[in-house]
Amino acid sequence: MLAELLAAERGIWDALVAGDAEADRAALHSDFLGLYPDGYADRDDHVGQLAQGPTIASYAIESPRASAPGDGLGLLSYRARFTRPGRPEEAMWVTSLWRRTPDGWLNLFSQDTPAA
């Protein structure tokens with residue numbers, strides 16, 4: 001399960017690097033909810049951040065852990081290091097909840113917490 005969830009999670013990060021709003025939308029469940037330091041975001045908010053192009057220049061996923069909190073669900077937690085275009089590196093802890101569908105994993109929920 002860890003490898004599958006990491007691949008799905010990387011799909012979102014890769015969409016942010018490429019500025020690919022279509023790929024970002026396809027990876028997010030219609031009921032997606034994000035909880036970030038600046039508040040809540042739904043799927044349209046998450047995809048909307050790409051309106052001006054890529055939001056991430058590079059990223060790395062560290063110390064990933066996965067579990068199955070329920071039937072057809074996968075929970076992925078990890079530390080992310082990333083850079084935004086023209087800005088210094090940042091780090092945060094991410095937990096994302098995924099639902100397995102016939103077409104693959106869809107992201108239901110994501111919470112980002114800045115790393116100290």
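Predicted model: local features only at pLDDT ≥ 70, side-chain atom pairs only at ≥ 80, totals over all residues.
Local features are reported at pLDDT of at least 70 and side-chain atom pairs only at pLDDT 80 or more, whereas totals for chains, interfaces and linings use all residues. Residues are numbered from 1 along each chain as its sequence is written, and side-chain values use heavy atoms, with hydrogens and water left out.

Helices (H or I, at least four residues) and strands (E, at least two) are DSSP runs numbered from the N terminus. Helix α1 covers residues 2–18. The expected span of a helix is 1.5 Å times one less than its number of residues. For the 17 residues of α1 this gives 24 Å, and the end C-alpha atoms are 24 Å apart, so the two values agree. Residues are classed by relative accessible area as buried (under 20%), exposed (over 50%) or partly exposed (in between), with a 1.4 Å probe and protein chains only. The buried residues of α1 are Leu 5, Leu 6, Ala 8, Glu 9, Ile 12, Trp 13, Ala 15 and Leu 16. An α-helix has 3.6 residues a turn, so residues three or four places apart point the same way. Just after α1, Gly 19 adopts a positive phi of about 70 degrees. Helix α2 spans residues 21–27 and contains Glu 22. Glu 22 counts as exposed because its relative accessible area is 68%. Between the C-alpha atoms of Glu 22 and Pro 102, 80 residues apart in sequence, the distance is 19 Å.

Strand pairing requires at least two DSSP bridges between two strands. By this criterion, six strands form an open sheet of mixed pairing, in the order β2-β1-β6-β5-β4-β3. Its edge strands, β2 (39–42) and β3, each pair on one side only. Neighbouring strands are turned by 20 degrees against each other on average, direction ignored. Axes are lines fitted to C-alpha atoms, for helices over the stretch in contact, and angles run from 0 to 180 degrees between N-to-C directions. Contact means heavy atoms within 4.5 Å. Helix α1 packs on the sheet, where it touches β1 (28–36), β3, β4, β5 and β6, and its direction makes about 155 degrees with that of β3.

Strands β3 (residues 58–67) and β4 (residues 73–83) are antiparallel and joined by eight bridges. Arg 65 stands opposite Ser 77 of β4, and Ser 67 stands opposite Leu 75 of β4. The hairpin of β3 and β4 has five residues between the strands, and in this hairpin Gly 72 has a positive phi near 75 degrees. Ser 63, a residue of β3, has a positive phi of about 50 degrees although it is not a glycine. Most residues other than glycine have a negative phi. Ser 63 is classed as exposed because its relative accessibility is 52%.

The pairing of β4 with β5 is antiparallel over 10 bridges, with Ser 96 in β5 as the bridge partner of Leu 76. Six residues lie between the strands in the hairpin of β4 and β5, where Gly 86 takes a positive phi near 75 degrees. Strands β5 (residues 90–101) and β6 (residues 104–114) also pair in the antiparallel sense, over 10 bridges. In β6, Pro 114 is the bridge partner of Met 92.

Trp 105 is buried, at a relative accessible area of 11%. Leaving aside residues up to four places away in sequence, Trp 105 touches residues including Met 1, Glu 4, Leu 5, Ala 8, Leu 73 and Trp 98. Ser 110 is buried, at 6%. Apart from neighbours within four places in sequence, the contacts of Ser 110 are Phe 32, Leu 33, Gly 34, Leu 35, Tyr 36, Val 94, Thr 95 and Ser 96.

A pocket is an open set of points on a 1 Å grid over the protein atoms alone, where a 1.4 Å probe fits, with protein on both sides within 12 Å along at least five of seven lines; lining residues have an atom within 4 Å of a point. Grid points are joined across faces, edges and corners, and a volume is the space filled by probe spheres set on the points. The largest pocket holds about 560 Å³. Of its 27 lining residues, the closest to the centre are Tyr 36, Gln 49, Arg 84, Met 92 and Asp 112. Two or more lining residues come from each of α1, β2, α3 (43–48), β4, β5 and β6. The most are given by β6, with five.
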